[in-house]
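Good morning, and thank you for coming.

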Amino acid sequence: MDENAIESLVSELESVSWWSRENAQAKLGRLGLSAIEPIMTKLQDENEEIRNKFAGALSYISDLKALEILVELTTHNLVSVRIAASQALANMGDERAITPLIVLLESNDWQIRNTAQESLGKLGLSAIVSLMEKLKDKNEETQNNAAYTLAYVNDLKAVEVLIELTKYNLASVRSAASKALGNIGDKRAIQPLIALLADADWQVYGNAQESLGKLGEPAIELLLVKLQDKDEKIRQRAATALANIGEIAVTPLSQLLQSSDWQVRESVVIALGGIKHDSAAQILLGVLNDTNYKVRLAAIKSLGRIGNETSVEGLLNILTRSLESTRKTAADELLKLHSEHAVNAVINALRHNNPQVQILIINAIEKYAREFNIEHEPFPSWFHIYKDTYNIRLSESARTVVELIIGLSEEANLAVREVALSTLSVVYQLINKTRLSKRDDDRGTCYFMAPPSNLHFELPEEKKARWALEVAPSITLEKASESRYADLTFYNNVNDFETKVSDGHVLRCGQWYQLEVAVRGTPVGLPSQETERRPIREPKQQESVTITITAEGDGFEIKEPVQTLLLPPMGDSTENAYFQVRPLHQSASDKDLASIRIRAYYKFNLLEVSVIQAEVVGKFDDSSQSKLGLEKPISFRQERLEREYLDFDEVQPKAMHIDIIKENERFLFNFAFYNNLAQKVEFTAPIYLPTPDLEDALLTIRETWYDIAMSKTFTERVEGDDEEFLDNIRKLAQAGRNLWVKLFQLDSDSSMHKVGKWLEDNPLQKGAIIQVSLADNATDFVFPWALIYDRKVPRKHYELPDTEGFWGLRYCIEQQFPNQNKGTDKPVQIQDKLRVAFMLWAQFRNADEQKVLMENWTGCNPDKLEITIPPITDADDCSALLDDCDAHILYFYTHGYTRNRQADIGVGENLQLFTNRYEKLQEDDPRHELWKFLYDSVKQDKFEPNRSWIELTYGRLYLDQLYDNIESKFSFKPLVFLNMCESAQITPSLSDSFIDFFGSSGLGMVRYGSINRLNPYLARDLID
């Protein structure tokens, strides 16, 4: 080309148009050596922009004649020149360019290093030999720069060398080699890349996953093998590689869903979620019915990753399923989606006719809104807030969501109202935070100053939300027009109901006082020790009811300790309870105050307990002020609320009540029952049972149960021979009789001896209900009430005791949960089907029979009964179900263990009893094989005796984790059947047990059984 043409191109390089400059650079570069001189001249220009424009033309030169000049330019002072020179050298493909390019790898400028790496990669196999020397350099940075260069190699001739480099000791080399092999796309690389999935370095296995995806269909077969690997990491990495391959892998993946290994199915599901195609979503819909919780959970998350219309339908379907432990996850995944289908699904869930579905989606909305990062996250499609400067507005879908939640805050269903109100509060805060945030619709900074403090434009939806938050709590619970309170008053004279003991005064030792117990709208008696006095919850009965009041003195003499008051549906009590009381000794300190424990009963259901504490001075001392300097020398506190004053018409009468408190190291029993002969309520003085005596009795009874439970007959069948039956019944009757003696007959001069004698001669009616309650300080108490035997045990060894003597066979004994309000005895109304969650430990020899039993039970009542079949065998599955429980019955047929307290009778004694008996068994004894799993578990330290747990087929539910992890209460108040091993006994403590956990979570009742104590076949018959 002549000089004029070159000058013309030089002029074009200075053009304003970028397209003209690019075109001129390419043409000038293609001139080769002849273009060097004018370009070099312009590189001396004072204007940096001009120098860079002409430097760019160098990159287009491919004339070998210019190679030496270009090599020299790799040391030029301009970065743009060195970059262009290295690009041009790569285009030439000459090995002489390798050395100067390797030098550029040491540059301090990252752009120059990257360009040199790309250029060396284009030179292919010939460059690798020189790079190998650099990989041996002692400088780590030099090694890495050389290693990263390998990733740019795209030469088919280099495949074998690169395969060898996948075994190199430097992770950066293995990573680069795996990336290069993916770019080349040769099948020989499949096996080496699959081997790299086990690499410890995330960049290495990450590049291997990406490269296998590029290799496509030929890699599928070997990846499917890895998907069945025992190592979870390998399965997950293989799943990612298959997802990278794309839609072509869907069909072969789906075939592995037939695997009996749930971990393989889980890996397949993860891979399908990464493919993000509708064909994958369609297959995942079927996986939602998988028997394994973790597989179903993975399917839900994979549908969330795909996020198309099919996925949304699947997630919404999960929300509507009962007894489904993955519903909370489905709700969370649904809210993450940004599509019109997801918006409609959220709105449909809020409008659903099932309150549980509404609660699930509302809770998910609250969680999403609470965790939402205003400054850094885009708003979801279902709740978009548009913002500019100080003004905001809600999208149509957001307005609909807020309006629906406001409407649900006025729902008849209390649980729906509560979650709706809680969520409204969080949404309201989110809107306000958005108003004050530094973001606009593009999530950019809108302003840098806080808005004026008086600037607050409420949206219509905000006003309605604020109104709901202010008004709805007032209708959440029905309230009477006037609150009423327990009111306790001392009068100075037993015959004088006018002269009260004034506030600030004390009582005199030996003087008789009148104590009044009443219910009033305005209390006039003793001050409360609590900061805020708690009113009674108003009853709903139609007529006045009689409340039995008992008084138990400590430092007081009390005449007639049982009285009554009459409580009308509204207003003050019309008849009050009065007690004549006399202090017995002076108070030496504020720790030595006299006390009266007041108990209120309705039909022998304990309602509440209050304790009066009073300072007592000498008979002739001044009683107008405290000698001890107490601000409230006479006061009371509400010790516990056992049953609220609600729905008296629905309370089931009890025949006797036993209240237990703990004092130092002894338990105090108080009995209240109706004496038909005397036609009055009997309230006993407390029986004192020392803790060591109780523990000794429990240990003896436990050994008796072990002897029976581990007998050869009992472990093999329901029916035994007459001789064995007689022997076992006599053992139990004697153990029960010993309990009776401890309670009633140790002190023949006591009032309790007389009560015991009366109960023997005049037993409660068969089928009567005995209610037992525990004070807060007695939560570690458990007593085998059912085993109490109130009749004489025949002396002759061949005489059968009267089985009607056992309280457990004659009475229904109801032990209350400490610190839990009991509500009413109103039967639960089931609107649709009775839902039963069936949990199983499949290693039991008759586990299959339990499954058949449940299947038959469902088959006989398909329209009335829904049971989790197959059963829940995964601990995580069970935990998730408990966190979102809509079952009416929870049935555990599982292995389990309840730890002993450190201070309990012989820590480890229970396990030692078992191991001692097991080791005495003969090898051919069928019990040897039956209990081997438990024995091995104990001996191999797998038993974890220091923690309490329920074991399912896969994993354990640990009691401490349940307390910590389960967020919600049981809205359906399910009945819980713990049909577990002897090792899962609840004795000697309720306060740290599964009984307490389920009770504190709001269930209706816990029924505890033992697979050892209760033969499996007998358990089946009882369920039938």
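**Backbone, pocket and overall build**

Lysine 276 is exposed, with a relative accessible area of 53%; buried means under 20% relative accessible area, exposed over 50%, and partly exposed in between, with a 1.4 Å probe and protein chains only. Please note that this is a predicted model, in which local features need pLDDT of at least 70 and side-chain atom pairs count only at pLDDT 80 or more, while totals for chains, interfaces and linings use all residues. Residues are numbered from 1 along each chain as its sequence is written, and side-chain values use heavy atoms, with hydrogens and water left out.

Lysine 276 has a positive phi of about 55 degrees, although it is not a glycine. Its place is the loop between helix H18 (262-275) and helix H19 (278-287). Helices (H or I, at least four residues) and strands (E, at least two) are DSSP runs, numbered from the N terminus.

Glutamate 560, also not a glycine, has a positive phi near 50 degrees. This residue lies in the loop between strand S8 (556-559) and strand S9 (562-567), and at 55% relative accessibility glutamate 560 counts as exposed.

A further backbone feature is the cis peptide bond between isoleucine 869 and proline 870, with omega about 0 degrees. Proline 870 is found in the loop between strand S22 (865-867) and helix H35 (875-883).

Let me turn to helix H29. With 19 residues (691-709), helix H29 should span 27 Å at 1.5 Å a residue, and its end C-alpha atoms are 26 Å apart, which agrees; the expected span is 1.5 Å times one less than the number of residues. Among the buried residues of H29 are Leu694, Glu695, Leu698, Arg702 and Tyr706.

Next, the second largest pocket.

How are the residues of its lining divided? There are 19 nonpolar, 11 polar and 17 charged residues in the lining of the second largest pocket. Here Ala, Val, Leu, Ile, Met, Phe, Trp, Tyr, Cys and Pro count as nonpolar, Asp, Glu, Lys and Arg as charged, and the others, Gly among them, as polar. Strand S7 (residues 545-554) gives the largest share of that lining, 5 residues.

Finally, the whole protein. It has 41 helices and 27 strands, and 54% of its 1024 residues count as buried. Of the contacts with a separation of 6 or more, 71% are accounted for by residues 24 or more positions apart, where contact means heavy atoms within 4.5 Å.
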